[in-house]
Structure formats: C-alpha cells, structure tokens
Amino acid sequence: MTAESTGYKPGLEGVVAAETRLSSVDGQKGELIISGYLVEDLALHATFEETCYLLWYDRLPNESELSAFKQSLAARRALPAATLALLAAVAEQKLPAMDALRIAAGTLDLDLGGDQTSVDQQAHTLTARIPTVVAAYWRLLQGQTPIAPRTDLDHAANYLYMLNGETPSPARVRGLETYLNTVSDHGLNASTFAARVIIATQSDLTSAIVGAIGALKGPLHGGAPGPALDMVFEIGEANKAEPFMRAKLDRGERLMGFGHRVYKVRDPRADVLSQAAEEMFKADGDLNLYNLAKHVETIAIKLLDEYKPGRNLRTNVEFFTALLLHGLDLETDLFTPTFAAGRVAGWIGHCFEQQRTGRLIRPQSVYIGERDRTWTPAAER
Ligand code: ACO
C-alpha cells in the first residue's frame with residue numbers, strides 16, 4: 001500500500017481542513033490578509049484590542065465598543081492568587097517562560113465560576129491575563145516581585161509596564177502593538193489547528209488555548225526564536241557580513257531568518273516588522289543595530305541568490321521579530337510567550353468559528369500494523 005493509494009497526506013500537506021474568515025496566506029504572492037485587511041494596513045495602525053475585536057466579531061469596533069472592550073480586558077488582567085503562587089513554584093525550578101505559560105494557562109479561569117462563565121468572558125480573561133503571566137514569571141525568575149497590572153493602560157502598554165515598572169513611550173507601545181497584530185493569525189498553522197480540534201469536541205476555551213500553547217512551544221512552530229539575531233550580533237560590523245555568511249554557506253549551513261515553507265517570495269510580515277523596528281529604534285535615538293541588520297539582510301539575500309539560484313529565499317518573520325523584540329528589551333526566552341500573547345487573538349477567533357460549525361474534527365488513519373498475531377501469555381514470549 002502506498003501513501004497515494006490510501007490518500008494519506010504526511011503532515012496533512014495540501015489538505016483543506018477548515019473554512020475561515022480570519023486570514024488568508026498566499027505564499028506565491030507574498031500576501032497576508034487578516035479579516036479583509038492587508039497585514040501592512042492593519043498591523044501598523046490597529047491597537048491590539050481592535051485586532052482581537054476584528055478577529056472575534058468579524059468587524060472593527062466603533063469608538064464606544066472599543067472603549068468597552070478595552071475596559072473589559074483591563075479589568076481582567078490581575079491573576080488569581082493561586083496562579084501567582086504556582087508561578088513562584090515554577091520559577092524555583094527555573095523552567096523556560098513557555099513552560100511557565102503552559103502550566104499557568106490552565107489556571108487562568110480559576111475564578112470565573114466554571115460552567116457559569118460565558119465563552120466571551122473566558123476569551124477576554126485568557127487574552128487579558130497571558131501578558132500578566134509572562135511578565136510576572138519573568139520577574140519571579142529574576143528574584144523580583146511581580147508588578148500588578150494597571151487598568152489605565154492599553155493592553156500592549158500594560159504588558160511592557162509589567163515587565164519593568166516603567167510607563168513605555170508611545171513608540172515602544174506602537175512597536176509591540178504592531179508585532180502582536182502581525183502575528184495575530186496565520187491560516188491553519190499547527191497551534192491554531194490544535195485549538196480547533198480541541199474546541200470541536202465541545203471542550204472549553206481554556207482547554208483549547210492550553211493545547212495551542214503546547215503546540216506553539218515546539219521548535220518547528222514558535223519555539224526556536226533568536227538565532228537570526230544571534231547571527232547579526234556575531235557579525236558585529238557591516239564589513240564582516242559577507243565573509244561571515246559566505247563561510248556559513250560554504251559549510252552548507254543555513255542562514256537563520258531566511259526562507260519559508262509557505263512564502264516563496266518575501267514574507268509580508270517581515271516588511272511590516274522592519275518598518276515598525278525602524279520607527280521604534282529611530283524614536284529611541286539609536287539606529288546602529290537596525291542599520292546593521294538591514295545590511296546583513298541585503299548581503300544575505302544577495303548570497304542566497306548566488307548559492308541557491310532559483311530558490312528565491314527571502315527574509316522571514318523571525319529576522320525582524322527578533323530585532324524588534326530585542327529593541328523592546330525582551331530577552332530571547334520571552335519571544336515565544338510574546339508570540340502567544342499575539343496569536344491568542346487568532347486562536348480564540350478560530351475557536352469561535354469552529355464552534356459555529358458544530359462539527360467534530362475526526363480524520364482517519366490507515367492501519368499499517370500486523371494482522372495475524374495471536375495472544376501468548378507473558379511467560380511464553
Ligand atoms: N539558508 C541557506 N539555505 C537555505 C535556507 C537558508 N535559510 N533555507 C533553505 N535553504 C536551501 C536548502 O538548503 C535547500 O537547498 P538544496 O535544495 O540545495 O538542498 C533549499 O534551500 C530548499 O530548502 P527546503 O528545506 O526544502 O526549504 P523549505 O521551504 O522546506 O524550508 C525553512 C523552509 C525550514 C524555513 C528553511 O528556509 C530554513 O531552514 N530557514 C532557516 C531557519 C529559519 O529561519 N526558521 C524560521 C522560519 S520562520 C517561520 O517558520 C515562522
């Protein structure tokens with residue numbers, strides 16, 4: 001039996017498993033549409049709250065709806081005491097921040113009254129609290145006391161505030177907001193699919209989000225950030241970029257931050273994040289790292305065209321994510337949890353969409369094991 005004769009598609013490649021109004025990924029055109037808007041348009045302008053509203057309710061909120069939505073998230077940011085105690089115990093084990101988020105996420109609805117909670121309340125609470133978990137855990141890991149969330153700041157600003165206690169500049173808030181919007185949804189990626197499978201069993205939203213976080217944690221999805229920026233730091237000076245990357249390619253190594261499984265032209269998210277990073281570094285008054293990264297990018301593309309002609313290997317989202325989040329003073333261990341803080345908007349939107357279909361997701365497998373075994377007692381094996 002061959003894979004073709006059974007219809008088996010390894011990795012479900014090419015299988016259409018959902019209809020969605022949330023996002024469209026066109027790898028040939030290099031186009032990402034989020035709920036009708038090009039990512040370039042939405043990500044650079046929207047607040048994160050507007051992106052959540054758009055993904056959950058399929059339209060942008062008017063002013064009073066937006067204000068009510070912001071207030072609802074702000075009012076739910078504080079963590080249950082038991083979640084904070086759990087995070088302190090996790091910090092003693094010095095686990096990575098993504099493990100802490102996975103462990104804590106299942107406790108975020110502790111104070112919501114179980115079955116009495118509406119799915120909207122769960123959605124608002126989970127989204128509001130993920131940054132609080134990440135920031136609190138980060139501080140506990142450094143032996144610092146967590147900073148209580150403020151209700152007078154918007155979602156992105158409050159996340160930055162909870163990390164170091166400083167009210168962030170508008171440019172830094174814009175930088176984070178653009179990042180969260182950019183990664184808010186991306187087709188039927190692994191974590192989104194995991195969330196849809198779980199909610200399709202009529203399980204609850206918290207379970208779906210915990211499953212999605214588990215899927216995002218893996219290195220083949222969101223769990224291997226940072227190496228793109230490590231390369232920029234290793235290069236250090238513009239004139240070393242070409243010899244450094246040539247040596248890497250001569251050894252048969254890959255240039256991190258370039259190439260993509262889906263995008264066969266430039267990843268549109270790279271452009272958005274490059275622009276956001278430039279504006280943020282400019283406002284902070286130091287463009288040196290940004291300029292070095294842009295130079296590395298230019299040389300990398302030139303060399304990839306030379307070494308891998310016809311492959312059209314271009315900058316991917318990781319390259320400028322690392323630069324932007326580093327510019328926001330986030331350590332590498334916080335990159336994937338911050339990705340989760342943005343992607344939760346899409347996970348929840350997909351869960352709502354899946355719930356409306358009312359359909360269990362239940363693909364088939366083809367049996368390739370033995371068929372003629374008969375039972376033998378343990379002593380005779
Ligand atoms: N540097 C050098 N060569 C590369 C790179 C790269 N970054 N990416 C692909 N190639 C080469 C491969 O060696 C291969 O060459 P060959 O045909 O001579 O053997 C050819 O291009 C095609 O490679 P594939 O692995 O088939 O490409 P695919 O599209 O499956 O891989 C991937 C995509 C895994 C992202 C790859 O481009 C890569 O390893 N990039 C570097 C790691 C990275 O940046 N990861 C973050 C991805 S961002 C994201 O997933 C959200």
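This short talk walks through some salt bridges in the structure above.

Ground rules. The model is predicted: local features need pLDDT of at least 70, side-chain atom pairs count only at pLDDT 80 or more, and totals for chains, interfaces and linings use all residues. Numbering runs from 1 along each chain as its sequence is written, and side-chain values use heavy atoms, with hydrogens and water left out.

The count comes to 22 salt bridges. A salt bridge here is a side-chain nitrogen of Lys or Arg within 4 Å of a carboxyl oxygen of Asp or Glu.

Start with Lys217 and Asp99. Their closest N and O atoms are 2.8 Å apart. Lys217 sits in the loop between α11 (205–216) and α12 (227–235), and Asp99 in helix α6 (residues 97–105), so this pair ties together parts 118 residues apart in sequence. Helices are DSSP runs of H or I, at least four residues, numbered from the N terminus.

Buried or exposed? For Asp99, relative accessibility is 12%, which counts as buried. Lys217 is at 30%, partly exposed. The cut-offs: buried is under 20% relative accessible area, exposed is over 50%, partly exposed is in between, with a 1.4 Å probe and protein chains only.

Next, Lys240 and Glu237. This salt bridge is 3.5 Å, N to O. Lys240 is partly exposed at 43%. Glu237 is partly exposed at 41%.

Last, Lys302 and Glu242, at 3.0 Å, N to O. Lys302 is in helix α15 (residues 288–307) and Glu242 in helix α13 (residues 241–250), so the bridge ties together parts 60 residues apart in sequence. Salt bridges with shared partners join Glu242, Arg246, Lys302 and Glu306 into one network.

Methods. Helices (H or I, at least four residues) and strands (E, at least two) are DSSP runs, numbered from the N terminus.
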